[in-house]
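Have a look at the sequence and coordinates first.

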Amino acid sequence: MQSIERLPFFRAFSPEALAPLQAAASWRSFEAGQVVVEGGDATQEVFFLAEGVVRVLGRTSGGHELILNELKAGDMVGEYAAIDGGPRSAAVVALTRTRLCALPSAPFMAFVLATPAAALELLRMLTARVRERDARLIELVALPVRLRLASLLLRLSRPRAAGGRVISPPPPHHELAARIGTRREVVSRILSQMQREGLLSSDRRAIALPQPEMLAAAVEAGFQQASGGG
C-alpha cells in the first residue's frame, strides 16, 4: 500500500493522525500529455505529487492557453476547489510520467481545520503561490513583451560553467509565449533580435545567455520606468 506519510506535507504527523486520510487516499498514474483535471470541472480532490512534473494551464473561451505554473514531486495542486467548493480554476496536465495521491476535499479539510500545524503549512504554501503570481502579474502589467521574455529567460536559466547562464533543453517558442501572455511569432522575432544583439545564442540543445547581467539590468530599468523612476 502507498503511504501518505512519505509526502512532504504530511511527514510531520503521526500515522494515527493520518489514518483517516490514508483510508480515503487513492493513488493514480499519468503518462506525459495526459490531463489530470480540466479547468471548470466540479471535482474537489486535492492532489499531492509523488513523482513527475505537471503543468497548470489557464484557458480562455477562445482557446488561448497561459502557463500558470509547473509543479514537481512534493507539490500540491487542486487546493483552491477543496477550500471554496468552486469549479477547477485551471487545467492540470502531466509533462512527464506522474504518480500522485488524490484526497477528497472533505477529509483533507477536516484534517487541516483540526490540525494547526497542517493549517499553517497550507497557509504558507498558498502565500508563496500568491507572492509568485503577484510578481508575474506586475511583470505582465508593467513590462513590454521583450522585457517579460528577458525576465522569463533569466528565471528558467541556470549558471553555466563557461560563464553566463543556460537553458537546456530550450523550451519551444509557443511555451515561452504562453508563459508571458503573447504569441509564438512575437517570441520568435524577439529571440532573433536578441541573438543578433549578442544577448543570447540558441541551438537545438540550449539557449545560452552570455551576458545575463545586461538582461537583468534592462528588466530593472523597465520596472523603474514603469514606476516613474526612469
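This is a predicted model: local features need pLDDT of at least 70, side-chain atom pairs count only at pLDDT 80 or more; totals for chains, interfaces and linings use all residues.

Residues are numbered from 1 along each chain as its sequence is written, and side-chain values use heavy atoms, with hydrogens and water left out.

**The whole chain**

The protein chain has eight helices and 12 strands; these are DSSP runs numbered from the N terminus, with helices being H or I of at least four residues and strands being E of at least two. Along the principal axes, the C-alpha atoms fill a box of roughly 60 × 40 × 40 Å. Of the 230 residues, 40% count as buried (buried is under 20% relative accessible area, exposed is over 50%, and partly exposed is in between, with a 1.4 Å probe and protein chains only). The accessible surface comes to about 12,400 Å², and 55% of that belongs to carbon and sulfur atoms; areas come from the Shrake-Rupley method with a 1.4 Å probe, and for residues only the protein chains shown count as cover. Take the contacts (heavy atoms within 4.5 Å) between residues at least 6 apart in sequence: 68% of them join residues at least 24 apart.

Two strands count as paired if DSSP finds at least two bridges between them.

| Residue | Partner in strand 8 |
|---|---|
| S26 | A102 |
| W27 | C101 |

How enclosed is strand 8 by the rest of the structure? Largely so, because five of its six residues are buried.

Helix 3 (residues 105–114) buries S105, F108, M109, F111 and V112. They are on the same side of helix 3 because they cover an arc of only 155° around the axis, where the arc is that of the directions from the helix axis to the C-beta atoms. As background, an α-helix has 3.6 residues a turn, so residues three or four places apart point the same way. The face turned away from the buried side of helix 3 carries the exposed residues A106, L113 and A114. Cover for the buried residues of helix 3 includes helix 1 (15–24), strand 3 (46–51), strand 6, helix 2 (79–84), strand 8 and helix 4 (116–142).

Over in helix 6 (residues 173–180), the buried set includes E175, L176, A177, A178 and I180. The buried residues of helix 6 pack against strand 4 (53–59), strand 5 (65–72), helix 4, helix 5 (145–156) and helix 7 (184–196). Just after helix 6, G181 takes a positive phi of about 75°.

**A closer look at K72**

K72 is in strand 5. Is K72 buried or exposed? K72 counts as exposed, because its relative accessibility is 51%. Leaving aside residues up to four places away in sequence, K72 touches L49, G52 and V53. The C-alpha atoms of K72 and S202 are separated by 26 Å, with the two residues 130 apart along the chain.
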